[in-house]
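Take a look at the structure below. This report covers its salt bridges and then its ligand.

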Amino acid sequence: MFENEIIIIGGGLSGLTAAYLLAKQGKSVLVIEKKAYPFHRVCGEYVSNEVRDFLIKEGLFPFEHFPASINHFRLSAVNGEAADFPLELGGFGISRFVLDHHFYQKCLEAGVKFLQKTQVTDVQFLPKNQHFRVETSDGTLLPASYVLGAYGKRSKIDKKLNRNFAQQRSPYIGVKYHIQTDGQEDHVVSLHNYSGGYLGINKIENGHFNLCYLGSRAQLRDAGSIGAMEEKYLFANPLIREIFEKAHFLWDRPEVINEISFATKTPVENNILMLGDAAGMITPLCGNGMAIAIHTGKLAADSFLKHSKLGDIQKAYQKEWKAFFQTRLRLGRNVQKLFGAPMVSSLAVNLLKNSSFLSRKLIRQTHGDPIR
Ligand SMILES: Cc1cc2nc3c(=O)[nH]c(=O)nc-3n(C[C@H](O)[C@H](O)[C@H](O)COP(=O)(O)OP(=O)(O)OC[C@H]3O[C@@H](n4cnc5c(N)ncnc54)[C@H](O)[C@@H]3O)c2cc1C
């Protein structure tokens, strides 16, 4: 057996969940993360309560950081027309800076080893020896019996693995701020459309709010800067303008990412179990990418704990992944198409406003049942 039986590439919520559960059962786990905790990342920071009971049961729920409790949803169309709905399941708001660091500390307590500020550049499966060889940015080669890919929506490794989506560019960008404001209610997560994208706002810890939007690379190029793009495109929705006018921005500049792809992916690639966004990303407007990431981490750990042969582990994971996420991700891709287009989003808001059955059904279909 190797020093590291299982190597996990990427220490976001999917990788950290799997690492924690596996280490608690006595497995030797190494997480390789290209950044160093704690750090900010672009995310709306609304966590669906699908995972609340599971996190409490596993001792992972961040009670000590007092996440905001959220039970109401507001949706506005490009023209500012808005509809409100209660959220049956609801969620909690907490920054990734705090939440990922909290998971990281729990992993350390469980005995997980970490290589931080280290990027994985290649992974090879050696069929003859039935093991993996993981290469890092400093040229080190690390052997492992199993490898989990938990490296998020897109990484250099995807190109190495010849994954289809990695050959194409994505039109989306993500922008995130933390703000203070007295213009928002504590228990509401709002999603405001504008022509070309949508913006979410919800409370997190310390009385702060997360302000995050999914925008268009083409609009940024056209406007020339983030500020000019916001002025030209986002502020056409009067509710977005009002949020910006009332906000006290806590950072000098926002966190920005590009290459956000909702393309179809596969949960096992080159014998590597893919977790979270690396297996498929749900549109942020569904507000449950983090819950899915945590759930995939649990499913991967369950597969390892139930089986010992690589083929059996893969089959078990693939089956569970498809059962839980395939339809949700497909629906999420279709819902994504409704947003950002002026006509359609106004129609969608009106339709949902007038049909509590439809709005409940849509929210329920893109969300899962609470996981145990
Ligand atoms: C604009 C936007 C808003 C969102 N809002 C929400 C929301 O409100 N609620 C919600 O539930 N979800 C939201 N999501 C989705 C959510 O952020 C993701 O689904 C979730 O973070 C996926 O977790 P993960 O573990 O798969 O990946 P990540 O959290 O992205 O973690 C991947 C990790 O891998 C590391 N890594 C990458 N490549 C390598 C490498 N080669 N070597 C070593 N390390 C590597 C990265 O540094 C990173 O730490 C949003 C996403 C976007 C883009």
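K246 and E242 both sit in helix 7 (residues 238–246). They are four residues apart, about one turn of the helix. Helices here are DSSP runs (H or I, at least four residues), numbered from the N terminus. The two side chains meet in a salt bridge, 3.1 Å from N to O. That term means a side-chain nitrogen of Lys or Arg within 4 Å of a carboxyl oxygen of Asp or Glu.

The model is predicted: local features need pLDDT of at least 70, side-chain atom pairs count only at pLDDT 80 or more, and totals for chains, interfaces and linings use all residues. Residues are numbered from 1 along each chain as its sequence is written, and side-chain values use heavy atoms, leaving out hydrogens and water.

**Salt bridges**

A search of the whole structure finds 17 salt bridges.

| Pair | Closest N to O | Helix |
|---|---|---|
| R96 and D100 | 2.8 Å | helix 3 |
| K298 and D302 | 2.8 Å | helix 8 |

R96 is buried at 8%. D100 is buried too, at 2%. K246 is partly exposed at 42%, and E242 is partly exposed at 35%.

**The ligand**

There are 36 residues around the ligand. A residue counts as near if one of its heavy atoms lies within 4 Å. S14, E33, G44, Y46 and D277 come nearest.

A polar side-chain atom of E33 lies 2.6 Å from a ligand oxygen. V120 uses a backbone N or O atom, 2.9 Å from a ligand nitrogen. G289 also uses a backbone N or O atom, 3.1 Å from a ligand oxygen. The protein covers 94% of the 1000 Å² of accessible area that the ligand has on its own. That area comes from the Shrake-Rupley method with a 1.4 Å probe.

Which helix gives the largest share of the shell? Helix 8 does, with three residues.

Note on methods:
A polar contact is a pair of N or O atoms within 3.5 Å; within protein, one must be able to donate a hydrogen and the other to accept it, and residues adjacent in sequence count only if both atoms are side-chain atoms. Helices (H or I, at least four residues) and strands (E, at least two) are DSSP runs, numbered from the N terminus. Buried means under 20% relative accessible area, exposed over 50%, partly exposed in between (1.4 Å probe, protein chains only).
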